[in-house]
Amino acid sequence: MLVKQSLRAGLITGVLMSGIALVMFPWWALNMVRPLALWPLAFVPLFITGVYAVHRAGRLVTSARRAALAGAVAGLAAAVVTVTTIVVLSILGATFVPPHPGPPLWSLAVVLMDSPFFVPPKVMFFSLPGALPFPWVFNAKMPDGMLISRVPWTLPLFLPVGTLLAALQAWLYHAQTKLGSRTANVIARRRASFQIKLLVGFFILGVMIFVVGWLGFAATNEMHVQTHAGRAKQHWLDHLLRVEGSLRAQSETVSRLSTSLDEAAIQEAATLSNRIGAELNHLRTFPPPAHPFESVGAIGSALFRETEKHLAAIQEVDRRFNDVNSATLRLMELYRGGRRAEAHALLSSLDPLQRAVMAPLWALINEVNVDLARWMGAADDTSHGELLAIMLLVLVATGIAFPLGYVFSQVVVRPVKEIGRGLERVGAADFSTKVRVENRDEFGELAEYVNKMSAELNRLYAELRVLNEDLQQKVQELEEKSQQLEIASRHKSDFLASVSHELRTPMNAILGFNEMILGGIYGDVGPELKGPLTDIQDSGKHLLRLINNVLDLSKIEAGLMELALADYSVQETVERVKNSLRSLAEEKGLDFVTAVPEDVPLARGDAGRITQCLTNLAGNALKFTRQGRVEISANRRGDALVYRVADTGIGIAGDQLATVFGEFRQADPTIATEFGGSGLGLSITKKFVEMHGGRIWVESELGKGSTFAFEIPLRVEGAKTG
Amino acid sequence: MSSKTILYVEDNELNRKIVRDLLRRTSYRLIEAPDGEAGIAAACEQHPELILMDIQLPKVSGLDAIRALRGTPETADTPIIALTSFALSGDDQKAKDAGATAYLAKPFSPFDLLTMIRSLAPEQ
């Protein structure tokens with residue numbers, strides 16, 4: 001797995017490198033130019049091969065050794081891909097690109113020659129014993145005409161170097177991530193605001209950039225100064241050689257004068273003498289005014305040092321030359337004064353004088369020459385050294401900058417990730433979450449807030465759970481209770497129903513036999529028995545009504561009551577109720593009337609139940625009215641029908657109006673003792689009205705009578721069960 | 001002169017006695033059956049002129065018995081008075097739907113029943 005992943009990483013970086021090379025190298029070749037220092041671009045992917053391999057292998061990299069292995073595999077793969085590409089390019093280059101002078105651009109040779117490693121072309125290649133059997137860009141013709149193929153060392157060396165480099169890189173990266181993580185911890189644990197930490201990081205980077213830049217500047221300056229020193233030396237050498245040449249010419253002139261003394265020659269010697277004097281004077285007063293800025297500072301002092309170094313020697317030369325010069329002037333004087341003998345004598349002394357000048361001059365020339373040669377070597381060394389130093393510094397700076405960036409990213413990323421994971425857990429309702437971060441800065445605070453939030457949520461959740469459990473328990477208890485109640489209620493209903501039925505059967509017999517006795521079926525009944533027998537009949541009927549009411553209510557409560565909907569005549573219904581209660585009204589001497597307009601149409605509903613409702617209401621009205629009247633009326637109100645039963649009875653107190661429709665209720669419990677009644681009638685009436693989709697209400701004033709009214713739809717469709 | 005036969009299907013002895021006593025001084029001949037099954041059998045054997053059928057009966061309910069009688073050719077046209085046991089709405093409608101000619105809600109007045117019998121099967 002590790003090898004597979006690393007191999008893939010290497011192949012990807014190798015292809016990337018080859019891609020860049022494919023774009024860059026042909027461009028170089030076709031344009032026959034070498035873009036300045038662009039070559040490292042093609043190798044950038046190689047710099048990340050090891051890192052990429054470790055990254056790609058991820059958790060498979062469990063140790064530094066495995067990291068190195070991953071890097072080595074990836075490096076080798078990348079190198080193989082790259083070398084293959086270069087070989088292909090070298091073949092293609094020999095096929096398509098015309099030959100050109102200079103080093104072959106189709107190779108890494110360019111790279112090495114342009115690089116600061118300064119590999120001489122001679123050692124860059126090794127030769128094969130013969131020519132390769134295919135076109136090859138590095139073929140060379142031997143002096144004997146034989147063609148041999150050369151191969152750049154970079155090609156085979158690339159494989160082990162790439163492998164080692166990537167392995168080292170991977171190992172370092174692995175170590176660095178471990179070290180980086182530790183360093184990140186150290187930074188994170190600092191008790192300071194993250195802004196300060198970041199500023200410190202940038203300050204360190206800034207200092208490094210400054211140091212690199214400053215050292216670069218210093219190196220450039222140093223080289224500049226050295227260049228000037230070299231120029232000064234060259235200057236010296238030029239002038240000294242000119243002096244030497246003039247001296248030589250003068251010497252020749254003098255020797256010519258010794259054979260034939262003529263003015264022109266003397267003049268020439270004098271002119272040469274002047275020139276030499278001027279040169280020497282120039283050298284003595286060196287440095288010359290160069291650039292105004294360069295006459296001071298490092299460059300000025302470098303030039304001055306050059307003068308100082310040779311000043312004694314040039315002064316000696318100058319002093320000796322003065323003798324030559326004065327002798328020349330004297331010679332001119334003597335010649336013009338016609339003193340020829342003296343002139344000849346002087347001529348003979350001139351030669352030794354000239355020789356005396358030549359000796360220190362040559363010594364000086366030699367010295368400057370040697371100095372110049374030494375300088376050239378030193379300058380080379382210096383510039384190479386400086387370049388290497390700058391390169392190293394750049395490497396070190398970037399080597400520090402990248403890990404520093406990594407460390408700082410870790411300082412930020414790790415707590416953010418950790419907090420993010422924590423929040424994710426909180427989001428998934430894991431309130432025991434505790435976010436642990438190393439940071440003691442803003443991120444640490446943030447983590448602390450998340451922890452506080454989590455703890456608070458945990459507390460609330462626990463409370464909620466307790467409340468919920470409590471609630472569930474209560475709900476269960478309630479459910480159990482309601483079930484028990486339901487069962488009890490059903491038992492009650494069953495009981496009432498069966499009791500009613502059982503009561504009714506004997507009542508039927510009692511009433512039936514009593515009526516037959518009264519009707520004379522069993523023989524004549526004397527007038528003294530008629531009264532009590534009639535009382536038995538009335539009481540029996542009353543009892544039967546009560547039983548019916550109980551039965552109805554139990555049926556309604558059990559949800560078994562159903563309406564039998566049919567068309568019915570409102571007028572007939574009201575009339576039937578009046579007829580059934582007429583005798584009671586007559587007994588009490590009450591005015592019992594009905595009022596239903598002719599235009600009230602056929603209605604739809606359960607006529608039996610409506611009859612029962614009106615009977616209940618009118619029966620109550622008659623019961624609770626001692627004198628006056630009871631009126632049953634019905635009126636149409638749009639789509640509704642309103643039945644009213646009004647009386648002039650005892651009335652109901654305002655505070656009891658609301659409760660009269662409850663079961664087993666009477667407005668005043670004491671009333672039962674005077675008027676009787678179970679209090680079931682009204683509640684049954686109310687239920688029947690509601691089953692018809694209507695409502696019932698009462699208007700009353702104590703002592704002035706009551707009006708019970710209910711409103712139901714004129715035509716009831718789809719009845720509700722009780 | 002042959003008296004008319006009335007079949008009374010009723011499980012309660014006291015109720016049967018009421019009707020028995022009620023009809024004692026009339027010309028009607030009363031035959032009785034204590035449940036729906038016996039009622040159907042009696043109706044098929046003796047061809048009564050009128051049937052009084054209680055709705056709440058053991059074995060076969062009154063409603064089912066009425067339906068069975070209506071499905072039998074011999075008794076298809078015999079008038080049947082259904083004695084609905086509860087004075088509840090719906091029972092009368094159910095009785096009519098099952099095929100009863102008339103109904104009377106219990107508890108009934110014996111004289112009302114007699115009036116109804118006489119109107120459906122007049123005495124000779």
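Student: In β10(A), which residue is the bridge partner of A:I696?

Tutor: In this predicted model, A:F710 of β10(A) is the bridge partner of A:I696.

Student: What makes β9(A) and β10(A) a pair of strands?

Tutor: Two strands pair if DSSP finds at least two bridges between them. Strand β9 (residues 695-701) and β10(A) have 7 bridges, in the antiparallel sense, so they meet that definition. Their hairpin has 3 residues between the strands, and A:G703 takes a positive phi near 85° there.

Student: Why is β10(A) called mostly covered?

Tutor: Buried means under 20% relative accessible area. In strand β10 (residues 705-713), 8 of the 9 residues are buried.

Student: How do you know that the length of helix α8 of chain A agrees with its number of residues?

Tutor: The 22 residues of α8 (residues 263-284) should span 32 Å at 1.5 Å a residue, and the end C-alpha atoms are 31 Å apart, so the two agree.

Student: What makes A:D262 a cap of α8(A)?

Tutor: A side-chain oxygen of A:D262 lies 3.2 Å from the backbone nitrogen of A:A264, at the N-terminal end of the helix.

Student: Where in chain A is the pLDDT below 50?

Tutor: The mean pLDDT of chain A is 82, but over residues 671-676 it is below 50. Where pLDDT is low, the predicted coordinates should not be read in detail.

Key
Residues numbered from 1 in each chain as written. Chains lettered and ligands numbered in written order. Predicted model: local features only at pLDDT ≥ 70, side-chain atom pairs only at ≥ 80, totals over all residues. Heavy atoms only, no water. pLDDT = per-residue confidence, 0-100. Contact = heavy atoms within 4.5 Å. Helix = DSSP H or I, 4+ residues; strand = E, 2+ residues; numbered from the N terminus. Expected span 1.5 Å × (residues − 1). Polar contact = N/O pair within 3.5 Å; in protein donor to acceptor, adjacent residues only side chain to side chain. Buried < 20%, exposed > 50% of the residue type's maximum accessible area, 1.4 Å probe, protein only.
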